[in-house]
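These are my notebook entries on one protein model. I look up a few things in turn and write down what I find.

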Amino acid sequence: MTYDIDALRAQFPALREGIAHFDGPGGTQTPRPVIQAVSDALSAPLSNRGPWVAGERNAEAIVVEARRAMADLLGADPAGIVFGRSATQLTYDFSRTLARTWSPGDEVVVTSLDHDSNIRPWIHAAEQADVTVRRAHFDPVTGELTPDAIRSVLSGRTRLVAVTAASNLIGTCPRIAEIARAVHEAGALLHVDGVHYTAHRLVDVEALGADFFTCSPYKFLGPHHGVLAARPALLETLRPDKLLPSSDAVPERFELGTLPYEFLAGTRAAVDFLAGFDSAATGTRRERLTAGYRALERHEETLRTLIEKGLGTLDGVTVHSRAAERTPTLLLTFDRHSAPDAYRFLAERGVHAPAGSFYAVEASRRLGLGDAGGLRVGLAPYNHADDVDRLIEGLADFLRT
Ligand SMILES: Cc1ncc(COP(=O)(O)O)c(C=O)c1O
């Protein structure tokens, strides 16, 4: 297994600025092949999709290749890949479409661990359909959201459970496959927010048991848009609002307006870039992705351990990321200092670790942090051990102020 961090970093023009980026959970920096693919898509003839002229064929090929790439990344069917503006927009769209299949007195389940984009759309849809919202809670001490916590709010009336595969605030990865079995036994559908998870773990939507799975390429080195994966047969049963002349085929039925072709070209390039993380890997793209994610996990695990060791040498720091299975995303608060002050202090030293609750406001409240959250230190594929040194030294200096 080969993860060449220096060669990898050389592919990111933005890193030349010298900033130590710990803001990956908010969005990653972009490697050259992705920038090039976006530029190439716009430099060649590009028209509405069709078969006759180069511009039409280019647009068609970009869409087909992007669906294939995302299907390889998620272990999904290309015919079940839906592109949208963002994960938030896709979740809102699907919540409204699914709400049409609900009856008054039905129930939906949301969790306090989730980003608000996997809570509020379901609450709004439930209000419209006169459906009851039930809440599953994580344990603020351990950071765990257990399958039992979900089971305890399931009933014969549950129609949908919305849960995150990984918390963008504290990194917790709930046991989604076990949750999926319970949800399906109750006769409900499972909507999984994979936006944070996909940046750190190889997704297999079938193995996870997700009926709907969202992610956002800008969290894994790609452009700013959203993706939803579902089984094509399930998508066939759903009737979203759509324009009369637009295609009624799956998945186009769910894609409102013209797709952002240049972003889709960038997303295909991002998936190919992830597939190259283990430079010794061979085989199909899915096989190379499997090897690439294994190499990435090992790299991130090494750096996370370094950060945790470094934080252990500092006084007055609380680390709220404690779940047994978690991504390398740490939420910190300080006994005698505020997180926004730490954010500013580090920023002046070229270390970017933002403070906030990052739209996971219910999780922040449950942790006892109100709406303020804490300082979030998140790793991305291009982080280097030197970044970690700068972070720990910066925090040590900050705590002495
Ligand atoms: C876990 C999680 N879910 C959902 C979102 C929203 O994604 P998007 O910006 O694509 O709507 C984010 C963005 O930060 C996130 O971290």
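This is a predicted model: local features need pLDDT of at least 70, side-chain atom pairs count only at pLDDT 80 or more; totals for chains, interfaces and linings use all residues.

I looked at each side of S10 and found both faces covered. Thr329, Leu331 and Thr333 are buried on one side, and Leu330, Leu332 and Phe334 are buried on the other.

**Entry: the sheet around S10**

I then looked up the neighbours of S10. The sheet is open and has 4 strands, in the order S9-S10-S13-S12, with antiparallel pairing. Strand S9 (317–319) and strand S12 (355–356) each have a single partner strand, so one side of each has no neighbour in the sheet.

I went through the pairs one by one.

- S9 and S10 are antiparallel and share 3 bridges; here Val317 is opposite Phe334 of S10.
- S10 and S13 are antiparallel with 4 bridges; Leu331 faces Arg376 of S13.
- S12 pairs with S13 (residues 374–378) over 2 bridges, again antiparallel; Ala355 has Leu375 in S13 as its bridge partner.

**Entry: salt bridges of Arg120**

I searched the whole structure for salt bridges and got 32. I picked Arg120 to follow. Its side chain meets that of Asp116 in a salt bridge, 2.7 Å from N to O. Arg120 also forms a salt bridge with Glu362, where the closest N and O atoms are 2.7 Å apart. Arg120 is in helix H5 (residues 120–129) and Glu362 is in helix H13 (residues 361–366), so this pair ties together parts that are 242 residues apart in sequence.

I looked at helix H6 (147–151) next. Asp148 and Arg151 both lie in H6, 3 residues apart, which is about one turn of the helix. Their side chains meet in a salt bridge of 2.5 Å, N to O. Asp148 is exposed at 53% relative accessible area, while Arg151 is partly exposed at 37%.

Salt bridges can also share partners: Arg49, Glu60, Arg67, Glu252 and Glu255 are joined into one network in this way.

**Entry: two loop residues**

Ser152 sits in the loop between helix H6 and strand S5 (158–164). With 54% relative accessibility, Ser152 counts as exposed.

Arg349 is in the loop between helix H12 (339–348) and strand S11 (351–352). Its relative accessibility is 39%, so Arg349 counts as partly exposed. Arg349 and Leu98 are 251 residues apart in sequence, and their C-alpha atoms are 48 Å apart.

**Entry: a charged patch**

Which residues form the negative surface patch? I listed Asp4, Asp6, Asp386, Asp389 and Glu393. Helix H14 (residues 385–399) gives the most to the patch, with 3 residues. Asp389 lies in H14 and counts as partly exposed because its relative accessibility is 40%.

Key: Residues are numbered from 1 along each chain as its sequence is written. Side-chain values use heavy atoms; hydrogens and water are left out. Patches are made of residues with over 30% relative accessible area and no salt bridge: like charges are joined within 9 Å, nonpolar side chains (Val, Leu, Ile, Met, Phe, Trp, Tyr) within 5 Å. Accessible areas come from the Shrake-Rupley method with a 1.4 Å probe; for residues, only the protein chains shown count as cover. A salt bridge is a side-chain nitrogen of Lys or Arg within 4 Å of a carboxyl oxygen of Asp or Glu. Lys and Arg count as positive and Asp and Glu as negative; His and the chain ends are not counted. The place of a charge is taken as NZ of Lys, CZ of Arg, CG of Asp or CD of Glu. Buried means under 20% relative accessible area, exposed over 50%, partly exposed in between (1.4 Å probe, protein chains only). Two strands pair if DSSP finds at least two bridges between them.
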